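Subject: Structure handover and notes on what was found

Dear colleague,

Please find the structure below, passed on to you together with its sequence. My notes follow, and I would be glad if you read them with the structure open beside you.

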Amino acid sequence: MQPTDEELVTAYLNEDDERAFRRLVERHQDRIFGYLMGMVKDRAVANDLFQKTFERVIKAMQGQRGSYDRQGQWLSWVMSIARNAAIDHTRKQKKWADVSQDEDDGRSFWDTLEDNSPYADEQLHRAEQREWLDEHIEQLAPEQKEVLLLRQETDLTFREISELQDVSINTALGRMRYALKNLRKMMEASDETALVGAIDP
């Protein structure tokens, strides 16, 4: 039986168990990086923010920066730090990052979805779908885009998302509904309705 996040956290805090912390990072790194990648659309920047996030996490857990309340879920707490890092970055850029395709390596956060090795034509079709989704998600209002990324990438509950965004659960749910509604409109306009299932919450 796999240890829970809190059991690993306790082992790290009380026993200085580095392996426990490494397991925590490995367990959630794809979700956290996927969220950061979706927010900034630049692999190098996402990597930097990922590193900064865990530098802050380690300092907080060791009591050197802020505090860590073990009553909350560890992933939700880490996501709040990742979110702040992403917001700090975009504020410095004075806009929501929107890296051009020329600067991007072409890999989107949708590439983290499981792949059962389909045939080449199906792979191409999926790649085209992911590219289409990436382009249209960028057209969403920032708060809608973030809720969608938080839900799809980290699988946080809407209660956890509402706490991260400091809004009510109804507001978080409303932002998700509007995000999906707007994406569906884009899909219908471009005859891509088959993609709707890919972004259902």
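Before the helix pairs, one convention is needed: an axis is a line fitted to C-alpha atoms, for a helix over the stretch in contact, and an angle is taken between N-to-C directions on a scale from 0 to 180 degrees. Please also keep in mind throughout that this is a predicted model.

With that convention, the axes of H6 and H7 come within 10 Å and cross at roughly 135°. Angles over 145 degrees would count as roughly antiparallel and those from 65 to 115 as roughly perpendicular, so H6 is oblique to H7. The crossing of this pair, H6 and H7, is right-handed. On the H6 side the contact is formed by Glu-143, Glu-146, Val-147, Leu-150 and Arg-151, which meet Phe-158, Ile-161, Leu-164 and Gln-165 of H7. Sorted by class, the contact of H6 with H7 has five nonpolar, one polar and three charged residues.

Leaving aside neighbours within four places in sequence, Gln-165 is in contact with Arg-83, Glu-143, Glu-146, Val-147 and Arg-175.

Phe-21, Val-25, Gln-29, Ile-32, Phe-33, Leu-36, Met-37 and Val-40 of H2 meet a set of residues in H3, among them Val-45, Leu-49, Phe-50, Phe-54, Val-57 and Met-61. By class, the contact of H2 with H3 has 15 nonpolar, three polar and one charged residues.

Turning to the chain as a whole, its secondary structure comes to eight helices and zero strands. Of the 201 residues in the chain, 43% are buried. Among contacts between residues at least 6 apart in sequence, 63% join residues at least 24 apart.

The largest nonpolar core has 51 residues, and those with the most contacts inside it are Ile-32, Leu-36, Phe-54, Val-57, Trp-74 and Trp-77. At least two residues of this core come from each of helix H1 (5-15), H2, H3, helix H4 (74-93), helix H5 (120-137), helix H6 (142-154), helix H7 (158-165) and helix H8 (169-189). H2 gives the most to this core, with eleven residues.

A few single residues remain. His-89 is found in helix H4 and, with a relative accessible area of 16%, is buried. Apart from neighbours within four places in sequence, His-89 is in contact with Val-40, Val-45 and Leu-49. Gln-62, in the loop between H3 and H4, is partly exposed, with a relative accessible area of 41%. The C-alpha atoms of Gln-62 and Tyr-12 are separated by 9.6 Å, although the two residues are 50 residues apart along the chain.

Lastly, which residues other than glycine have a positive phi? Asp-16 has a positive phi of about 55°, and phi of Asp-166 is near 60°, likewise a positive value. Asp-16 sits in the loop between H1 and H2 and counts as exposed at 52% relative accessibility, while Asp-166 is in the loop between H7 and H8 and is exposed, with a relative accessible area of 69%.

With best regards

Definitions and conventions: Residues are numbered from 1 along each chain as its sequence is written. This is a predicted model: local features need pLDDT of at least 70, side-chain atom pairs count only at pLDDT 80 or more; totals for chains, interfaces and linings use all residues. Side-chain values use heavy atoms; hydrogens and water are left out. Contact means heavy atoms within 4.5 Å. Helices (H or I, at least four residues) and strands (E, at least two) are DSSP runs, numbered from the N terminus. Ala, Val, Leu, Ile, Met, Phe, Trp, Tyr, Cys and Pro count as nonpolar, Asp, Glu, Lys and Arg as charged, and the others, Gly among them, as polar. A nonpolar core is a set of buried Ala, Val, Leu, Ile, Met, Phe, Trp, Tyr and Cys residues joined through side-chain atoms within 4.5 Å. Buried means under 20% relative accessible area, exposed over 50%, partly exposed in between (1.4 Å probe, protein chains only). Angles under 35 degrees count as roughly parallel, over 145 as roughly antiparallel, 65 to 115 as roughly perpendicular and the rest as oblique. A crossing is left-handed if the near helix is turned anticlockwise from the far one by less than a right angle, and right-handed if clockwise.
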